[in-house]
Structures are given as structure tokens and as C-alpha cells.
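Here is a short briefing on one protein model. Keep the sequence and the 3D view side by side as you read.

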Amino acid sequence: MTDLGLPETIVSCLFDLDGVVTKTAVVHAAAWKEMFDAFLRERDGEDFRPFDSGADYDEYVDGRPRADGVRTFLASRGIELPEGGPDDPPDAATVHGLGNRKNELLLEKIRTQGVEAYEGTLRYVEAVREQGLSTAIVSSSANTRDVLRSIDAEHLFDTRIDGVVAAERKLPGKPHPDTFLAAARDLGVEPSKAAVFEDALAGMDAGRAGRFGYVVGVDRVGQADALYRHGADVVVKDLAELGGKS
Ligand SMILES: [Mg+2]
């Protein structure tokens with residue numbers, strides 16, 4: 001192991017955004033809950049079963065592209081909606097309409113609350129780069145660029161595979177490994193020489209499916225066991241635990 005807490009073979013680090021670099025996973029969870037609860041209340045009346053921003057979020061939504069999150073959670077409740085299209089208005093009762101409603105709520109929360117970075121992650125990414133490893137940001141979020149700019153961290157990543165790039169390149173999102181594989185390819189490294197840093201169960205699945213050299217589970221919500229079950233090689237509460245102090 002290096003003093004970055006990684007196997008000697010690792011030359012690139014692929015970081016998820018929400019929940020790993022920024023404290024936005026909780027903001028996403030809140031926006032999903034507000035959107036789904038309004039939808040379920042309208043559909044089932046006041047005795048509706050609310051969206052659980054712990055269990056439902058971790059299992060069906062976290063880490064997945066927006067439309068996949070809508071579809072996967074609704075399927076867990078036996079609900080199927082028409083797909084609609086990406087330009088559907090936020091009040092449309094379609095998969096994309098609900099996704100757009102969630103995104104509106106998210107952007108509103110980000111606008112009013114701002115975005116906070118995990119300092120331990122920023123210091124770790126800086127240490128990784130100082131030691132000559134390359135870096136990528138790999139997120140399902142279509143807002144990745146704005147979020148990185150708002151915390152002045154865009155320069156810390158050599159390449160970016162986000163929701164926008166994935167749509168352009170037609171890459172399926174997490175839990176499929178394709179976005180992480182695309183990042184490794186952009187950096188010119190074999191997956192076996194790249195480490196994945198993720199807080200989502202879908203991200204662990206992607207790391208395992210892509211046969212990456214090392215998968216770091218970042219546990220912000222007390223789900224270490226689930227992260228290990230989904231393929232983490234190690235689980236930490238903060239990247240500062242891995243090392244990187246030079
Ligand atoms: Mg995440």
C-alpha cells in the first residue's frame with residue numbers, strides 16, 4: 001500500500017461527485033423525497049407510503065441517472081409511467097416529467113443553500129495529483145460542472161464523465177460500469193490500474209462490474225456493511241482516513 005492508502009499498482013483515481021466530493025447527496029435525497037411524496041400523495045391520497053430518504057434512496061435512486069432513479073423506485077412500488085421525453089414539463093406524469101421536477105427542486109435547494117465540499121476529499125485529491133496520479137470525476141449528475149465550479153474544484157480533475165457526457169456518448173449509467181470505463185479510457189489507463197471512490201451502492205456495483213483495481217466505499221450514512229456487500233475493497237468515513245498527508 002502507498003501512503004495514499006492504495007495498492008502500488010494504482011495510477012488513476014476516479015471520483016464520484018455527490019457524497020464523495022460534495023455534501024450534496026443529502027440535498028439530492030431531500031429533493032427526491034419532496035418530489036416522490038407529492039406524486040404519491042396525489043396518487044394514493046393522504047395514507048400514501050412516503051419515500052424513505054434512507055432505504056429507498058440508497059437502494060433505488062442514489063448514483064443512478066435521473067430517469068433510471070425515477071423508474072427504479074416506481075417499479076419498487078409496482079408503478080409504471082410512460083417514459084415521455086427529456087423536455088417534458090416538470091408537472092408531466094411521465095418518467096422524465098418527474099425527473100425534471102426533482103431537478104428543479106434540487107437546483108432550487110442548491111441555489112438557496114449553496115454547495116459544501118468535503119475538505120478531506122479535496123485535500124486527498126490534491127495529494128493524489130501531487131504524487132503524479134491522474135484523476136477523473138464520474139457522476140450521473142447533469143449539474144456536475146456547475147457544482148464543481150461553485151466549489152472551485154474543476155481544475156482538480158483531468159477528465160469529467162457526467163450526465164451530460166454520458167448522454168452524448170450514449171453510456172448507460174451506474175450500476176453499469178460504462179461511465180467509469182470511459183473515464184479510465186480518457187485517462188489512458190487499464191481499469192485494473194484505476195481506483196473507484198463512491199458512496200452509492202450502485203457505484204460499488206459499477207466498480208465491481210468494471211473490474212477496477214481498487215474500490216473505495218465512502219460511508220457517510222452508516223451503510224458500511226452494504227457497501228462491502230456491493231463490492232468495496234475498503235470502506236472509510238472520510239478520504240482523510242486513507243492518508244495522503246505529504
Ligand atoms: Mg454519490
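Gly243 is buried, with a relative accessible area of 19%. Buried means under 20% relative accessible area, exposed means over 50%, and partly exposed lies in between (1.4 Å probe, protein chains only). The model is predicted: local features need pLDDT of at least 70, side-chain atom pairs count only at pLDDT 80 or more, and totals for chains, interfaces and linings use all residues. Residues are numbered from 1 along each chain as its sequence is written, and side-chain values use heavy atoms, with hydrogens and water left out.

**Around Gly243**
- Gly243 sits in the segment after E6. Helices (H or I, at least four residues) and strands (E, at least two) are DSSP runs, numbered from the N terminus.
- Beyond its neighbours within four places in sequence, Gly243 is in contact with Asp3 and Tyr124. Contact means heavy atoms within 4.5 Å.
- Leu201 is 42 residues away from Gly243 along the chain, and their C-alpha atoms are separated by 23 Å.

**The sheet**
- Six strands form an open sheet with parallel pairing, in the order E3-E2-E1-E4-E5-E6. Two strands pair if DSSP finds at least two bridges between them.
- Strands E3 (159–161) and E6 (234–236) stand at the edges with a single partner strand each, so one side of each has no neighbour in the sheet.
- Strand E1 (residues 12–15) pairs with strand E2 (residues 134–138) in the parallel sense, over four bridges.
- Phe15 stands opposite Ile137 in E2.

**The magnesium site**
- Asp16 (OD), Asp18 (O) and Asp199 (OD) coordinate the magnesium ion at 2.1 to 2.2 Å. Donors are N, O and S atoms within 2.8 Å of the metal (3.2 Å for Na, K and Ca); water is not among the atoms, so sites may look incomplete.
- Asp16 lies in the loop between E1 and H1, while Asp199 lies in the loop between strand E4 (194–198) and helix H9 (201–209). This pair links distant parts of the chain, 183 residues apart.
- Both Asp16 and Asp199 are buried.

**The nonpolar cores**
- The largest nonpolar core has 56 residues, and Leu6, Phe15, Phe36, Phe197 and Val216 touch the most other members. Such a core is a set of buried Ala, Val, Leu, Ile, Met, Phe, Trp, Tyr and Cys residues joined through side-chain atoms within 4.5 Å.
- Helix H1 (residues 25–44) gives the most to this core, with nine residues.
- A second, separate core has 17 residues, including Leu171, Phe180, Ala182 and Ala184.
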